[in-house]
Amino acid sequence: MLEVKTKKQFELILSKYPVVVLDVYATWCQPCQMIKPRMEALENDMKAVSGVKFCKSDIENQLFNVTGLPTILYFKGGQQVNQVTGADFTKIEQTLRSLVPNAPVTRNESVNTQPKYSSNRGSIYKTWGSL
């Protein structure tokens, strides 16, 4: 995924691609790190669709005004058209599909990335997947 470090660089990307997906993240953000491999897989799956570019920008660059992490910004025709804040990969992918109807089905769609909490013998612990 291309790292965006300047506004000028991002403006060039927007002028070159009809649809741009930008992942605003932080290296210290655990949910950002959790969705990173899924975003990379989605980018790889979307390579068959021309005109879609995936980028990322560290929040430390202070290029984008976001209030939560991770935030995925969606641009079409050079204008921001949507955003998803949080590590809800299903919503991230659905938002992309609304912009790119011919998007292929991703390999990781059925993987649950949202933790669920369960109690066992009075203690609370995090589990993944269905309980």
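First, the ground rules. The model is a predicted one, in which local features need pLDDT of at least 70 and side-chain atom pairs count only at pLDDT 80 or more, while totals for chains, interfaces and linings use all residues. Residues are numbered from 1 along each chain as its sequence is written, and side-chain values use heavy atoms, with hydrogens and water left out.

Helices and strands here are DSSP runs numbered from the N terminus, a helix being H or I over at least four residues and a strand being E over at least two. Buried stands for under 20% relative accessible area, exposed for over 50%, and partly exposed for what lies in between, with a 1.4 Å probe and protein chains only.

Let us begin with helix α1, residues 7-16, whose buried residues are Phe-10, Ile-13 and Leu-14. Viewed down the axis of α1, these buried residues fall within an arc of 100°, so they line one face of the helix; the arc is taken from the directions from the helix axis to the C-beta atoms. On the other side of α1, the exposed residues are Lys-8, Glu-11, Leu-12, Ser-15 and Lys-16. What covers the buried residues of α1? The cover includes β1 (2-3), β2 (19-25), β3 (52-58) and β4 (71-76), where contact means heavy atoms within 4.5 Å.

I turn now to the aromatic residues. Rings of Phe, Tyr and Trp (its six-membered ring) pair if their centres lie within 6.5 Å; planes under 30 degrees apart count as stacked, over 60 as edge-to-face, and the rest as tilted. The structure holds two such pairs. In one of them, the ring centres of Phe-10 and Phe-64 are 5.1 Å apart and the planes stand at 85°, so the pair is edge-to-face. Phe-10 is in helix α1 and Phe-64 in the loop between β3 and β4, 54 residues apart. Phe-10 also forms an edge-to-face pair with Phe-75, at 5.1 Å centre to centre and 70° between the planes. Because Phe-75 lies in strand β4 and Phe-10 in helix α1, this pair ties together parts that are 65 residues apart in sequence.

Val-19 has Lys-76 of β4 as its bridge partner, and Ile-72 stands opposite Val-84 in β5. The hairpin of β4 and β5 has two residues between the strands, and there Gly-77 takes a positive phi near 60°.

Ser-57, found in strand β3, counts as buried at 1% relative accessibility. Its contacts include Glu-3, Leu-22 and Phe-64. Thr-95, in helix α3 (residues 89-99), is buried at 10% and touches Tyr-74, Asn-82 and Val-84, leaving aside residues up to four places away in sequence.

Finally, how many disulfides are there? Taking a disulfide as a pair of cysteine sulfur atoms within 2.5 Å, the count is zero. Cys-29 is buried at 6% relative accessible area, and Cys-55 is buried at 1%.

Definitions and conventions. Pairing = 2+ DSSP bridges.
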